[in-house]
Structure formats: structure tokens, C-alpha cells
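Subject: the model, and what turned up in it

Hi,

Here is the structure I promised to pass on. Could you open it and keep it beside you while you read the rest?

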Amino acid sequence: MERKYDVIAMGELLIDFTMNGQSGQGNNLFEACPGGAPCNVLALLNKMGKKTAFIGKVGRDQFGVLLKNTITEAGIDASRLVVDENVNTTLAFVHTFPDGDRGFSFYRNPGADMMLREDEVDAGFIRQAAIFHFGTLSMTHDGVRAATKKAVKAAKEGGCLISFDPNLRPPLWSSLDLAKEQMEYGFSVCDILKISDNEIQFVSGKEDYDEGIAYLQEKYNIPLILLTLGRDGSRAYYKGMRVECPGFSVDTIETTGAGDTFGGSSLNYIVEHDLNSLTEEQLREMLTFANAAAAIVTTRKGAIKAMPAREEVYSLIEQ
């Protein structure tokens, strides 16, 4: 059937305040970067010419207005972005360490993104997507968890492919056991899983990545698993194949949005190809492009506004 959207994503939309030097007085300066993993993924897809939509909630405040305008300008359908009259937009302060890694401080107790209710999710709208994408930040609290599960159920019934990124942020969970439980829910429903090196160790309890992936494959039978290894690149596990591609060496400023750029690039490839019949050569092509796109984003501030064009990615690959 003809789908109106290539990818619909659901989850958090927030402001990432990223460090950007110091003032004349020696105070830290922060830049307000529109972000949130699901919309970062969609922003990359839009750069690649795909049709996307977002489901989530922001506050009726200056940040909510900024976010709605930002995703609309990026070409993402914001018609299902709900505005909360009483709760402010979620904020995240990103502290970058000398090695480019980061720590997060969240202002989300509550934040508008976690106030999305089940009755605000339109099941018919979701069924218009070829792929439905979600993560665990919309699973941290009861109300928004019910809304997410309703959306996943609608996507399944509508024959959409389900894409899942655990995107583990320990400070946002009341307990890591609950986080693990919701990650396991995601594994049980997804067709495409993007998972990071530290997440696979957390959820499988195994140091060795291949052993961790084997544990997931055995337990959940996920068709395509994509493992990100930071600057070391990525791997794809698919129908008994294990394909690994190295990362690209660039001058990294910060890594916010790199995993989402990788995820968006991978979904873009799957929209253009058949998930059921990928070859080793195609998996290699997909990973190489996704690694390069993610590398480019680490050389820029923020994520939604930092997504590379297709030509930039090919240019880095050719270099």
C-alpha cells in the first residue's frame, strides 16, 4: 500500500543547552540547540528528501515555540505536536568533557514531553507510515508509556516496520531495572534495532559485543541489529551476517546527535531498499554512509540544524 510518510517518530523534543565557551567574566556560555533523539533522526531523513512526521509534546513557552518552528522549518510534519498549557518544555544541559564525550543534566520533573497521553495519540495517523520509530525516553513514566505502547500497537496493526533506539539516559529513570524492562519491551516489538556499545553491555550483562548481540537475537529474533561503536564505527547483524565498517576521522567538537544521525541514515537506506533482502554489500554501503554522516555531525553544534546533505556525506567518504 502507498504510505503518506516514510517515517513517523514519537518521543521527546527538547532544548539541548550545549557548552559554547566562556564569557568575558569567565562564566560558561550555553547555546540553545533544538534536539531530542526522535526528531534528530527525522531531521536527517528530511535532509535526504524523505517525508516524516513527529508525535510529541512541548510546553506553551518560548522553547516550545522555538522547537515547533525548528522542526517545521526542517520539513518535519508537526501537526501532531501537542502543546501543554501547564508544563514547561523539557531542557537538557550537555556538559562536554575534554575527550568529546558528554554528561547530561535534565530539567524534566515533569517536562512537557513526558505528559503526552494515550488519548492524544491518533492510531490512524501512525498507520500512514512505512516505518514507526521510537526510543525509551517516552517510556520513563506511566502516562507517556501507555501512549507509546498505543502507538506501537497501531504501527504493528498497520503493517509498519518498527524501529527502536533504547537511547539509555540513566538520570531519567527511577531505577535502572525499570529502564531495562522498557528496553526489553522495545526489543520484543522492533524489526530494526540501533543500539550502542554501552547499551548492549548494560542490557545483556556481557562484555563482548558479539555475545551481547547473540543474546538479543536468540531471545527476540530481531531482523536487523545495528551496533554503534563511537569513533570506531559500527556493525550490522542480519540473517547470520556480521558486517563491520570503520568510523571516519574528523575534528570532533561534541557527539550530541551522532547516534541519531547514524540511525536516521540507516532508516533512510531501508526506506530505499527492502529490509527482507539486504546483501552484505548493501549492509556495508549503509554502514559507511551512516558512519560518515554521524562523523560530520560531531564537527558541529547541536543536531537538528546540523544534519549534513547527501553530497557532504559522499564527499567525506571519497576523501
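First, the ground rules. This is a predicted model, so local features need pLDDT of at least 70 and side-chain atom pairs count only at pLDDT 80 or more, while totals for chains, interfaces and linings use all residues. Residues are numbered from 1 along each chain as its sequence is written, and side-chain values use heavy atoms, with hydrogens and water left out. Helices (H or I, at least four residues) and strands (E, at least two) are DSSP runs numbered from the N terminus. Two strands pair if DSSP finds at least two bridges between them.

**The nine-stranded sheet**

Nine strands make an open sheet with mixed pairing, in the order β5-β4-β1-β8-β9-β10-β11-β12-β13. The edges are β5 (77-84) and β13 (241-245), each with a single partner strand, so one side of each has no neighbour in the sheet. From one strand to the next the twist averages 15 degrees; for this and the other angles here, axes are lines fitted to C-alpha atoms (for helices over the stretch in contact), and angles run from 0 to 180 degrees between N-to-C directions.

Strand β1 (residues 5-10) is mostly covered, with five of its six residues buried. Buried means under 20% relative accessible area, exposed over 50% and partly exposed in between, using a 1.4 Å probe and protein chains only. β1 runs parallel to β8 (residues 129-135), joined by four bridges, and Val 7 sits opposite Ile 131 in β8. With β4 (residues 52-59), β1 also pairs in the parallel sense over four bridges; here Met 10 has Ile 55 as its bridge partner. Further out, β4 and β5 are parallel too, over six bridges, and Gly 59 stands opposite Asp 84 in β5.

Two helices to look at on this sheet are α1 and α8. α1 lies across β1, β4 and β8 and runs at about 145 degrees to β4. α8 lies across β1, β8, β9 (161-165), β10 (192-196), β11 (224-228) and β12 (234-238), at about 160 degrees to β10. Contact, here and below, means heavy atoms within 4.5 Å.

**The four-stranded sheet**

The other sheet is open and mixed as well, with four strands in the order β3-β2-β6-β7. β3 (28-35) and β7 (102-107) stand at its edges with a single partner strand each, so one side of each lacks a neighbour in the sheet. The twist averages 30 degrees from one strand to the next. β6 (residues 91-96) and β7 run antiparallel, joined by six bridges, and Phe 93 has Ser 105 in β7 as its bridge partner. Helix α2 (residues 62-73) packs on the sheet, touching β2 (14-22), β3 and β6, with its direction at about 100 degrees to that of β2.

**Helix pairs**

How do α1 (residues 37-47) and α8 (residues 258-272) cross? Their axes come within 8 Å and cross at roughly 50 degrees, which makes α1 oblique to α8. For the record, angles under 35 degrees count as roughly parallel, over 145 as roughly antiparallel, 65 to 115 as roughly perpendicular and the rest as oblique. The crossing is right-handed, meaning that the near helix is turned clockwise from the far one by less than a right angle (left-handed if anticlockwise). Ala 37, Asn 40, Val 41, Leu 44 and Leu 45 in α1 meet a set in α8 including Asp 260, Gly 264 and Leu 267.

The second pair is α5 (residues 176-189) with α7, packed at about 65 degrees with axes 9 Å apart. This crossing is right-handed as well. From α5, Glu 184, Phe 187 and Ser 188 meet Tyr 215, Leu 216, Lys 219 and Tyr 220 in α7.

Most residues other than glycine have a negative phi, and most peptide bonds are trans. The bond from Asn 109 to Pro 110 is cis, with omega near 0 degrees; Pro 110 is in the loop between β7 and α3 (123-126). Asn 221, in the loop between α7 (209-220) and β11, has a positive phi near 55 degrees and counts as exposed at 64% relative accessibility. Lys 239, in the loop between β12 and β13, has a positive phi of about 45 degrees and is exposed at 60%.

Cheers
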